[in-house]
Amino acid sequence: MVRPFRFGVVAPLMTDVPAWRDRARRIADSGYSTFLVADFPLTQPAPAPMLATVAALTDMRVGTWVYASPFRPAWLTAWEAHSLTVLTDGRFEMGIGTGRPGIEDELRDRGIPGVPAPHARLAGVRQTVEALREFDGPDRHTPVAMAVQGPKARALAAEVADIVTFALGDQPRDEVALLASEFRGDEGPELALAVPVIGDYVAPHMAPPTTDPAALRAVDALTVLPEDPAAAIEEIQRRREEIGFSYFVFGADYAEKFAPVVAKLAG
């Protein structure tokens, strides 16, 4: 099965609130399917009110990219996710993962005791999804996007996720293709690819500011796309054909420039 393309945008609040709301409207007008926010406590407003605001302003889907599971109890994340599904009439997607590099220091800085080990964080993801399914009941199904890396996380994603994305850095194309091959098939989850680097631009809240675009291009990493929309279209089509990625996520600063990409490929 060849899945249709769709495109999401990670749009942190980097301006005043009215300008951010205006950006959300422009992103919706450009044809993107999903408006996404990251989980960076105290540096951004909480995900739920941000996403509820965008859902009220536009007809886009909204989602977390992604909840860091150690920040809150599983039932609390699940309750918030289910609430967003209810309030958006089913337009919410719960992205979740075990946390980014340096999450241990973030947890200590925020006074969260007992920093969980990696296996415990993965168990927290499972517990969150199980609690979400209980909240949803038989009449709702909140799509779950899992950000994964190691074999245990990939195994859990194969079991519970509707969408799978990989926590990538400078892994070359062949290595990513091997990871993705585990999920390809008619019954497999949708494969999503976050692309934080376009040309020489690095999107905030998607990759560290120290990211080296030239180094990524040198190893043929999939976390970078060419700046020219026509070249990007060709490369995106290649990534679906050869690897199976159909859902692409960009940073908000390139959303309008890549509107021709979305117009050409979406749906």
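**Exercise 1.** At roughly what angle do the axes of helix 5 (residues 118-136) and helix 6 cross?

*Solution.* First, the ground rules: this is a predicted model, with local features needing pLDDT of at least 70, side-chain atom pairs pLDDT 80 or more, and totals for chains, interfaces and linings using all residues. Residues are numbered from 1 along each chain as its sequence is written, and side-chain values use heavy atoms, without hydrogens and water.

Now the axes, which are lines fitted to C-alpha atoms over the stretch in contact, with angles from 0 to 180 degrees between N-to-C directions. They come within 10 Å and cross at roughly 10°. So helix 5 is roughly parallel to helix 6 (angles under 35 degrees).

Next, the contact (heavy atoms within 4.5 Å): helix 5 brings Leu122, Val125, Arg126, Val129 and Arg133, and helix 6 brings Lys152, Ala153, Leu156, Glu159 and Val160.

**Exercise 2.** Work out which residues of helix 7 (residues 173-181) are buried, and how they are arranged.

*Solution.* Start with the buried ones (under 20% relative accessible area, 1.4 Å probe, protein chains only): Arg173, Val176, Leu179 and Ala180. Down the axis of helix 7 they fall within an arc of 125°, so they line one face; the arc uses directions from the helix axis to the C-beta atoms.

Helices (H or I, at least four residues) and strands (E, at least two) are DSSP runs numbered from the N terminus.

Key
Buried < 20%, exposed > 50% of the residue type's maximum accessible area, 1.4 Å probe, protein only. Parallel < 35°, antiparallel > 145°, perpendicular 65-115°, else oblique.
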